[in-house]
Every structure is written in structure tokens, then in C-alpha cells.
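The sequence and structure come first.

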Amino acid sequence: MRQFERYLVTSALPYANGPLHIGHLSGAYLSADIYVRFQRLVNKDIVFICGSDEHGAAITLRAAKEGIQPKAIIDKYHESFQKSFEGMGISFDHYDRTSSQLHHETSQEFFRNLFNKGEFIEKESEQYYDEEAKQFLADRYITGTCPKCANENAYGDQCEKCGSALSPTELIRPKSTLTGKEPTLRKTRHWYLPLDKYEEWLREWITEGTLYDKVLHYPEDWKNHVIGQCKSWLDGGLQPRSMTRDLDWGVDVPKEIPGSEGKKLYVWMDAPIGYISSTKAWAEKKGKDWEPYWKSEDSALIHFIGKDNIVFHCLIFPAILKAHGDYVLPVNVPANQFMNLEGDKISTSKNWAVWVHEYLEDFEGRQDELRYALIKNMPELKDSEFTWKSFQDANNNELVNNLANFVNRVIVLTNKYYEGIVPEIDEDEGFTGPESQSEVCYHDSELIRLFDDIHELCANIRKYDFRSALKNLMEISTKGNQILQFNEPWKLQKEQPETVKVIMNICLQYVTAISVICRPFMPFTSDKLRTLLNLDPIKEEGELDDLLFQLADGEHPLKAKHQIGKPFHLFSRIDDDVIEAQVAKLGNTGAKAAIKNPIKETINFDDFMKLDIRTAVITEAEKVPKADKLLKLALDLGFEQRTVVSGIAAHFTPEEVVGKSVSLLANLAPRKIRGVESQGMILMAEDDEGKLSFVSPEDGWPNGMIIK
Ligand SMILES: [Zn+2]
């Protein structure tokens, strides 16, 4: 791993077109927050930058549909993002927005710079135009079938299903999202970035980490799936990409450039430059110099993103930075994959999401519980899944039973035995170690063990392996718990008070260490632990460095005679009804049914082949006397007639069902219902509220056909 003087960390700019959900958090924000808080704890010069992405066609499109100004949309979400991030403890040094004046100027400076250097190709091309709406259709104004994965709802600039970057003319069966009409082609002029020209150095930089023989990063530090995605684009051949659009919302192409009228910068050109303008605004606010962070070779630029943004951060933005010439390239782009929710893809339009602002209302003061559950399942290398049940389990089994239990016992016993004063100890007094009941341990050797464990945690964070680092944290808590469990101070206190002092003292050192090392993952819990210990809150100014030095020197992080605070509970159990209420809030009824009625046990093909299901039509229907729910039906199977008694009378009248095409389980053993022999069973679909629907072949389909 290369050493750097300073770090600039960015999280993907959230797009101001919908609220934040847990998929966003687990993708680009929690990961960056862990990394940044950690680097602050080890005294690194690090700046954490983000902001709202407020341009692009999706915003104007929505404004047009709702009959409001784009500004109303971006203001709403900019405020909502800020609240959600702050609520969840995402500790940006600066959060800006791309509608700011400074950002417009910074983006225009980039465009001007590249234009003056002749880096753009100016090209006339034919682009899709909506004759009815009288405008060119950029990016999200156009949908069609993805040529790579056949997704029917791919956008003009990207397919969200397979992540491919697209141009509108690549779409199969294009359609205007304004009018639904098939668009026509019209001539227009734009400025293109010739990505094909940069292919060679991009490949060298990404796959070997070098640029003209200079080492910029080690490829083994990068995630395999990031390098893999880049390689597949490079292998597919890069195309010149238009950096401007015919839109009326966005950053103007600089006025002095001929032909600039009506042209705006492509949103994926201006959005990443938002990292730079946001850094400038931060520097202005703090009275610092922004330039070394972006332009000095001993600075590390790190982009935290989700996998759908890899192409923009690993190919297009680096190409822009290098074409400009003054800027460093990222040393890493640790993209995460996607987090699914309860067995289905998170979807804003289907309301299949856990919204951060709603979570913050429903679970007030429990931000760390969500942070913990999301980090534990972070999609670092492959897609992962959030379920409310796993959230509950993580809270009840790990945070409550392990961490909170350990801390509570230590604080309660210290208050009980020593009136809350950290006991002085005889270092030669042995006790049972955390790992085995037979091993005798001493205070100083236990501090070294703690040092080693923390060291491992740090190494994992440096490798962007946050799941493992979180596991390390919980293992340290487990070890503390084991010291109590194996020694049972409550049994020794009468006979061996000196041994108990050593045990309680080492446990207090564990709790003190945890108050520092839990900080990147659970900052709110860190504050609570400091209150319990009666220590100053962690300011993230090198406290982890200090802790490691102390442990290495055999110094106690928590000094004898220090007065700790009074006990209170760090975490509390989350009950079933709370979890059920959250599941009930989810919007997608299909997926909800899957939670309520999980897929049955697997059967083999032979089991299935035993069922004989046929198409049939209902020819007669009548109520069964004295039975509210039953209809007696006559069915035509084409080659024979059947009588079936079906429990659908509460849902359908006899008149409604006559003539219906149905599917019949034809080889079900006949049985007598209310004196009538029922010769088979009609298949029905049942929804979440118990409504029924026939499972029907297409109209006019012949009767008696096999369904298989
Ligand atoms: Zn696709």
C-alpha cells in the first residue's frame, strides 16, 4: 500500500430525484464514512467531500410531468439528503450542490480548458428528436431495449440492469419518455471526448497501476470486480462520448465558444467535477488550500461509489482529469455492489425500499443499529441482502447480547465493587484468559493481545474490508465477555478481591479501547461509551494512534483512580411486532407475499409430472345449498365433462364464472363435498388481501390441453 501525505475521499453525489434508501447508504456512504473516520483517528490529513447532483434529464423530465420548476425538486431533495446523512452520522467535511455558482464556474473552466487544448472533437450527428414535444431527446428522455442484456427499460445513457453505458442510438425500439412516440433523427452539433484515444493509457493505469512507468497504485489494492468491469469495457472498445446536450437545465457551455447556444454540459461531465467544486467550497469555509488535495502527487484521491457508477469514475472522469493535466487520478475506486431488500431489488418506483428518513423517524436514536446491520452485510464484493429479520437478529444477538451486555456488566460491577473508581492493581496477579479456561493470563500480556487484535482491525479497514473489521470489533467484545465469563468475578470477590481488581481493570481497558475502535462503525455508541466511562468524547483527532501507542508501551488507556459514570443500557431488544410493522410498510405486494408465504420445500421433476393439469371452460355454475362458500361447476374438458365443487362463492357469482377459461388439476382423487362428487380442483391465484383470480389460458384456447 502506498503512503500518502493527504487524502481526499468522495462519496457518489446522490441524484436529487428521490429520497435516500438503505441501498444508497450501504453503497457509497457508510463505507466512505468508516474509512474517513478511521483515518482521522490515526491522525491522517483527510477531507470527506460530497454534494447533491442536481442536473440531468431525469430532473427536468420529472419537473415537466409534475408541472413545477426543476429548482423545486432539487431544493426538496437537497434538504432531505442533508437531513438523512446528518441523521445517520455520515461525517462529510463539506456537502455542496451542483447548482451552486462555484460549481458552474469550475465545470465551465474544465470545459474551456479541454476545448482550448483541442481535446474535444466537434461533431455533427443525428440525434433523436420528439416531433410532438419539439425537443431533442437526451439520455433519460429516451428508453428502449438494452442491446447488451435485453432489458426493456434501458435509458438513453445507461442500462441500470446490466450497468452498461449506452448512447441513445444503440437502444432497440427507442421511445420518447415525453410522448411515448417513436422519435425521429435530426442533425445537431456536440463536443465529444475521444475516449478511444485514451484506451491505451487507461488500460495500463487500471490493470498495471502505472502511467508512463510511474507507479500510481497497486492493482491488488483494487477490488477484482472493479478491474473486471473496466477491462470488459476496454476490451469492448471505447467510443467518443458526447460531453454536451441539447437541454435547458444544467451548466452552460461557455458563451465564448462558437455554437454554445442552447447547449449544456453532459451531467456525467459536470457531476464528478462537483467533487472539485465542493472541495473548493470546503477550503474557502476553512481557510485552507484545496489544490494540494487534487493536484499533488502525494495526495490520495479515493472515490466511494456503487457498481453502477464504475464506468464514470474509472474511465470517463479520469480521462477528463488527465486531459486537463493538472489533476491526480484516483488511487482507488472501492465500488460496492448492490444491496437487495427482502429477496428483491430495491426499487423506488415500486416503493420497495427502506427510506432513511422514515427509519430515522421510526427508530429514533437507533442509527447505529442500522449502521451495524448494513455494514455487517455490506455488498463489498458481491450483491447482498437486507432483511428486517436479519436486522433484528443482529441487534438482539450481537449488539444487545454481546456488546451491550459486556459493557453493562463492567460498568455495573465497577460501580458496585469500587464506587465507580478504576481499581489499582498488582500486575503479577494472574487470571483466566479469554480464549481458554486453562490458560493463565496477566494484565500486561492481555494488553498486548488487545493491541494485536486492534491492529488486525486497522489492517482490514485499510484494505476496505469493512465487514471483516466489524467482525474484529465484535470479537474484541466477545473476548472481554469471556474474561468475565471464565473468571466469574461475582464468585471471587469475597475470597480473592485482588484478582477481581485485575479482571475488572482489564475489562475496563477493553471497554475504553472499544469506545475508540467502534467509532468508525458506530459513532453514536462511541459517544455513549465515553459517557459511561466519564471520558471526553472522541473528536477523531488521532485517538486511535494514541491508544495503540499506549497499549504497545504497556500503559493503561484508562488510568487507575479514574471515576467512571453510572450504568445505562447501550442497546435494547427489538421485538417481533416492530419488525412485522416494517415488513408491512413495504410496497411491493408480490415480494411481500414471498415473505409471508415462503417458497415450499423443493420437489423433484417426477413429483411435478404426477400432476395432470388441463385447460377447461366453465359451462354451468350454481350455488351449493346451505354452503356460503361453495359453487357447483360443470366443466368442459373437450373430451369429457366434469363436475367440480369449488370454494369461490364468496368471490364470484355463478353468472360471473360461466364461460371462464380455467386450469383444472384433473387427476386429484374425487371426493364428496356436501353430497356432490367433486372431480378435480380449479387453480386460483390469491393476493395479499385474499382476493382470488382464475389461472386462465388465453381466450379461445382449446379445452383439455396439458399444462406443464
Ligand atoms: Zn443492459
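A residue counts as buried if 20 or more other C-beta atoms lie within 10 Å of its own, and as exposed if 12 or fewer do. By that criterion, 42% of the 708 residues of the protein chain are buried. The model is predicted.

**Overall layout**

- The C-alpha trace of the protein chain spans about 95 × 80 × 45 Å along its principal axes.
- Its secondary structure consists of 22 helices and 29 strands.
- Among contacts in the protein chain with a separation of 6 or more, 71% join residues 24 or more positions apart.

**Domains**

- The domain assignment of the protein chain lists domain 1 (6-109 + 266-336), domain 2 (118-246) and domain 3 (605-707).
- Taken over C-alpha atoms, the centres of domain 1 and domain 3 are separated by 59 Å.

**Nonpolar cores**

- In soluble globular proteins, nonpolar side chains tend to be buried together.
- The largest nonpolar core here contains 167 residues, and Val-9, Val-407 and Cys-507 have the most contacts inside it.
- Helix H16 (residues 497-517) is the biggest contributor to this core, giving 13 residues.
- Domain 1 and domain 2 both give residues to this core, so the core lies between them.
- Leaving aside residues up to four places away in sequence, Cys-507 touches Val-410, Gly-480, Ile-483 and Leu-484.
- A second, separate core has 16 residues, including Ile-613, Val-617, Ile-618 and Ala-621.

**Helix pair H16 and H17**

- Two packed helices are described by the angle between their axes and the distance between the axes.
- For H16 and helix H17 (residues 523-533), the axes come within 8 Å and cross at roughly 150°.
- Angles over 145 degrees count as roughly antiparallel, and H16 and H17 are therefore roughly antiparallel to each other.
- The crossing in which H16 passes H17 is left-handed.
- On the H16 side, Val-511, Thr-512, Ile-514 and Ser-515 meet Ser-526, Leu-529, Arg-530 and Leu-533 of H17.

**Thr-643**

- Thr-643 sits in strand S22 (residues 641-646).
- Is Thr-643 buried, exposed or partly exposed? Thr-643 counts as partly exposed because it has 15 C-beta neighbours inside 10 Å.
- The contacts of Thr-643, not counting residues up to four places away in sequence, are Lys-632, Ala-634, Val-676, Glu-677, Ser-678 and Gln-679.
- Of these, Ser-678 is 35 residues from Thr-643 in sequence, while their C-alpha atoms are 5.8 Å apart in space.

Methods:
Residues are numbered from 1 along each chain as its sequence is written. This is a predicted model: local features need pLDDT of at least 70, side-chain atom pairs count only at pLDDT 80 or more; totals for chains, interfaces and linings use all residues. A nonpolar core is a set of buried Ala, Val, Leu, Ile, Met, Phe, Trp, Tyr and Cys residues joined through C-beta atoms within 7 Å. Helices (H or I, at least four residues) and strands (E, at least two) are DSSP runs, numbered from the N terminus. Domain bounds come from an automatic or database domain assignment. Two residues are in contact if their C-beta atoms, placed from the backbone, lie within 7 Å. Axes are lines fitted to C-alpha atoms, for helices over the stretch in contact, and angles run from 0 to 180 degrees between N-to-C directions. Angles under 35 degrees count as roughly parallel, over 145 as roughly antiparallel, 65 to 115 as roughly perpendicular and the rest as oblique. A crossing is left-handed if the near helix is turned anticlockwise from the far one by less than a right angle, and right-handed if clockwise.
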